Amino acid sequence: MATALKSETATGPRSMGHMALHYKKPEEGPLAARLLGMLGYVLTQDLTLPDGTHFYRFVVDGKHQPRGDGIVYLSCVPEAQRELMEAIHGALNIGTPQEHPAVATMREKMDQDPEYGFHYGTLLESLEDLENVFLTLEEANRSDPELKGRLKLVYNRALPGTAEVDARLDASPIYKNATRHAYGKNGVQAFLETDILSSGMLGETMILEFDYVFPGYANHVLSVVEWG
């Protein structure tokens, strides 16, 4: 079994600093920022760059605003990266009858499990907050003129076996009909996949994960990974 190495120089606490996200189309910066606001991120800066695109700074919670952690930066996919993605799409014949079979295989795996590829997770301290955010997204995906049909939502319940957790989820507006399960007990996951944001090897979509852990349990989905 591997032994974790201890740093000889780290003497103070650490925290996650920031995540840099990209929106795909220059004209959709404001839409991408609106979506992050719907997810509960707090906008602290909107900077218009010389090329006319927007660079945004969000924090995951207002308490982080004066700090250097808990930050989500949002900007347009850089030109060179956009050109590289276009070259990859061309080389793989994406969207044509000659599309490379590896593309379909990867998409199938991502459809089966949102955690299969790159994703970014945010932990919420309130299950009610998580439910309200995703109920809002469900409605936006049905009726919002700019977002309709562009939000794929997936819910993972906790592995069954904890009576009070199971009962709470049976009463949940988003988890009561969920058939998928997380890789662990006493916590839930909710995933948003959207083509407004770009990530992964093909740059087609981005997956954002939102988690809640029921208090009082040493073992939960974010502390111990379980299988089945």
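**Figure 1. Strand 5 in the lining of the largest pocket.** Strand 5 gives the most to the lining of the largest pocket, with 5 residues. The model shown here is predicted. The pocket has a volume of about 690 Å³. Its lining counts 26 residues, and the closest to the pocket centre are Val 60, Asp 61, His 64, Thr 122 and Leu 123. Two or more lining residues come from each of strand 1 (18-23), strand 5 (120-124), helix 4 (127-143) and strand 9 (205-213).

**Figure 2. Residue classes around the largest pocket.** What classes of residue make up this lining? Nonpolar residues number 12. Asp 61 and His 64 are among the residues closest to the centre of the largest pocket. Val 60 and Leu 123 are also in that group.

**Figure 3. The second largest pocket and helix 3.** About 440 Å³ of space lies in this pocket. It is lined by 19 residues, of which Met 106, Met 110, Met 201, Leu 202 and Glu 204 are the closest to its centre. Which element supplies the largest share of the lining? Helix 3 does, with 6 residues. Strand 8 and strand 9, like helix 3, each supply at least two residues. By class, the lining of the second largest pocket splits into 10 nonpolar, 5 polar and 4 charged residues.

**Figure 4. The cavity.** A search of the whole structure for cavities of 30 Å³ or more finds 1. Helix 3 (101-112), strand 6 (151-157) and strand 8 (187-199) are the elements that give two or more residues to its lining. Strand 8 has the largest share, 3 residues.

**Figure 5. Side by side in the cavity lining: nonpolar and charged residues.** Which residues line the largest cavity? They are Met 110, Asp 111, Pro 114, Lys 152, Val 154, Phe 191, Leu 192, Glu 193 and Ile 207. The lining has 6 nonpolar and 3 charged residues, and no polar ones.

**Figure 6. Met 110, between two views.** Met 110 lines the largest cavity. Met 110 is also among the residues closest to the centre of the second largest pocket. Helix 3 gives two or more residues to the cavity lining, and helix 3 supplies 6 residues to the lining of the second largest pocket.

Key: Residues numbered from 1 in each chain as written. Predicted model: local features only at pLDDT ≥ 70, side-chain atom pairs only at ≥ 80, totals over all residues. Heavy atoms only, no water. 1 Å grid on protein atoms, 1.4 Å probe; cavity = no way out; pocket = protein on both sides within 12 Å on 5 of 7 lines; lining within 4 Å. Points joined across faces, edges and corners; volume = space filled by probe spheres on them. Helix = DSSP H or I, 4+ residues; strand = E, 2+ residues; numbered from the N terminus. Nonpolar A, V, L, I, M, F, W, Y, C, P; charged D, E, K, R; others polar.
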